[in-house]
Amino acid sequence: MPCSATTKLNAIYCKTATGENEIATRQHGLLSKQRQALILIDGKKSYAQLNQLLPTIELDQLIQQLLQLDLIRDANATPLLTPQNSAANHVICITENSAKATAIPLDIERLNAIKQLMIDSSKTLLGIFANTLIEKIKSIEDTAQLSPAIAQWNLSLRESKNGQLHAEQYLESH
């Protein structure tokens, strides 16, 4: 059915409250690629856009794993909430208009997740040219150091042959 392929490419996923908590606590012990996918899922990017950001991994498998762990859900599906348990099932979808209002404070776990995403994408897209940048990213200790590092990282991606297509999308995922 041609419609199902189009539907799949246009599917948008968002984090559940459990998924947001996982970013902060790492209690599920996700693999690096699972965590990277979870970080990139933001309620705005379609499956097709996510597939461009994560070209070296099996996105279908990652999405299924994150769905099974109740870390994400289809952003277009209506969540089933029971009155006594609605807080546990609450879904957080950050949209363009509400991103600033619902932004999560940058705690150490979130900072580390951003750093890891930057390091992984630098290794994948910049190769050996990323070594100096990766050392700078590893040395980041607070949000004041993060902003200039993100700017340098994004510029490096934009200037590279492999990273040009991904630079904007990675920046939006932060």
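## Surface and burial

The accessible surface of the chain is about 9,900 Å², and carbon and sulfur atoms hold 54% of that area. The model is a predicted one. The chain has 174 residues, of which 39% count as buried.

## Secondary structure and contacts

The chain contains 9 helices and 2 strands. Read from the N terminus, the order of elements is α-β-α-α-α-α-β-α-α-α-α.

Among contacts in the chain with a separation of 6 or more, 65% are between residues 24 or more positions apart.

## Nonpolar cores

The largest nonpolar core is made up of 21 residues. Leu38, Leu66 and Ile72 have the most contacts inside this core. Two or more residues each come from α3 (32–40), α4 (47–53), α5 (59–68) and α6 (108–126).

## Surroundings of Ile72

Ile72 is one of the residues with the most contacts inside the largest core. Leaving aside residues up to four places away in sequence, Ile72 touches Tyr13, Cys14, Lys15 and Thr16, together with Leu38, Ile41, Ile63, Leu66 and Leu67. Two of these partners, Leu38 and Leu66, are also named among the residues with the most contacts inside that core.

## Helix α6 and the residue after it

Helix α6 has 19 residues. The distance from its first C-alpha to its last is 26 Å, close to the 27 Å expected at 1.5 Å a residue. Just after α6, Gly127 has a positive phi of about 65°.

Key
Residues numbered from 1 in each chain as written. Predicted model: local features only at pLDDT ≥ 70, side-chain atom pairs only at ≥ 80, totals over all residues. Heavy atoms only, no water. Core = buried A, V, L, I, M, F, W, Y, C linked by side-chain atoms within 4.5 Å. Buried < 20%, exposed > 50% of the residue type's maximum accessible area, 1.4 Å probe, protein only. Helix = DSSP H or I, 4+ residues; strand = E, 2+ residues; numbered from the N terminus. Contact = heavy atoms within 4.5 Å. Areas by Shrake-Rupley, 256 points an atom, 1.4 Å probe, with all protein chains shown as cover. Expected span 1.5 Å × (residues − 1).
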